[in-house]
Amino acid sequence: MSTYIIDNANWVKGTKLTHSSLLVKDGKISAIRDSFQYYKYTKMDVSHFLMTPGHVMCDLMVPQGSDFITVKNYYLDNFIKRGCTTVLTAFSIQYEYEFLPQLNKRRTSLLNSPLDYTIGLKTPANLVTPNIIRACKRHKVPVIWIDLDEAGGFKDIPWGWIKGLLYDYPITFVPFFTTNIDNKTKMKNLKIWQNSMKSEGIPHIPVEIPEKQPLNLNILKKIGIYPLRGNFLVGGEICYNLYMKPEDEPGTEPLSFQYDHHVLKCTMNKGKYHYVNNRGHFYPGAGEELIIQTPGYFT
């Protein structure tokens, strides 16, 4: 593969705007500097765009077992046309013995995924047991969603034992609610969640993770997806989005960057254009599981 320079990049990271240039060799970032003024490689001037790393989005209900056209359209509409290159999803269990069969079923369902993915566990509170935590550690499941419709079951979790098991693999816990719960109960249960997790010293996210929208750096760091994704790193694969830069966009930080308010022009991922010229491209099986070795290392 060729060597080239992404020149004059306006790189968005959270609310910060960084001006830099990237030297790309064989699909990987070889160096990041203010400029490569004296280099003779082909230069791609992106000064008229806003550049972001490929987005990571959460979707707990990525289709399983659907027909190819349905799956293809789902990925194109919900992820690829919106600059997503990595999906955070989950498998569900109702009994402890289902853990490995359901995890394997979810992994099998994602073999055709065009995007990279990380898999977590979605479970009722009564199944947050030492056995399940050990299974998550063994199989590198970095995040657990707990059904918080009923606060009673949550209070019965043996958090002292759980915390002791997290010392070498700090799994992040996340609340989720069904659509059946009313807002008043939801807010009350969230308060119980936040107070309990803070007092117990358990790695957690205080509110629900938003689905089908770019996840912020705080969430990516807690789960351990950052810095593997959501960042430009020397040695990492080149993966980016280019958005049109409005004429009236301020050039100073902090930048108020709203993804839905900017026009996506290009998504490059693993040497392929996933989105360009107003068209998404579906590469079945191009994705692979992103294994999180140490959740929350950079928090």
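**Close-ups of a predicted model**

View 1. Phe154 sits in helix H4, which covers residues 151-155. Skip its neighbours within four places in sequence, and Phe154 is in contact with Ala125, Leu148, Trp159, Ile192, Trp193, Ser196 and Met197. Take Ile192 from that set: Ile192 and Phe154 are 38 residues apart in sequence, while their C-alpha atoms are 9.2 Å apart in space.

**View 2. Helix H3 and what its buried residues pack against.** H3 spans residues 130-138, and its buried residues are Pro130, Ile132, Ile133, Ala135, Cys136 and Lys137. What do the buried residues of H3 pack against? Two helices are on the list, H2 (99-109) and H5 (159-165). The strands are S8 (116-124), S9 (143-147) and S10 (172-176). Follow the chain just past H3 and you come to Lys140, which takes a positive phi of about 55°.

**View 3. Strand S7 and its partner S6.** How many of the nine residues of S7 are buried? Eight of them are, so this strand (residues 84-92) is largely enclosed by the rest of the structure. Strand S6, residues 55-58, runs parallel to S7, and four bridges join the two. To find your way along the pair, look for Met57, whose bridge partner in S7 is Val87.

**View 4. Stepping back to the whole chain.** The protein chain comes to seven helices and 14 strands. Its C-alpha atoms fill a box of roughly 65 × 40 × 35 Å along the principal axes. A compact globule of 299 residues would have a radius of gyration near 19 Å, and the 21 Å of this chain agrees with that. Of the 299 residues, 49% count as buried. Among contacts with a separation of 6 or more, 72% come from residues 24 or more positions apart.

**View 5. The surface and the charges.** The accessible surface of the protein chain comes to about 14800 Å², and carbon and sulfur atoms account for 51% of that area. As for charge, the chain carries 34 positive and 27 negative side chains. The centres of these two sets lie 4 Å apart.

Conventions
Residues are numbered from 1 along each chain as its sequence is written. This is a predicted model: local features need pLDDT of at least 70, side-chain atom pairs count only at pLDDT 80 or more; totals for chains, interfaces and linings use all residues. Side-chain values use heavy atoms; hydrogens and water are left out. The radius of gyration is taken over C-alpha atoms; the globule rule is 2.2 Å times the number of residues to the power 0.38. Buried means under 20% relative accessible area, exposed over 50%, partly exposed in between (1.4 Å probe, protein chains only). Contact means heavy atoms within 4.5 Å. Accessible areas come from the Shrake-Rupley method with a 1.4 Å probe; for residues, only the protein chains shown count as cover. Lys and Arg count as positive and Asp and Glu as negative; His and the chain ends are not counted. The place of a charge is taken as NZ of Lys, CZ of Arg, CG of Asp or CD of Glu. Two strands pair if DSSP finds at least two bridges between them.
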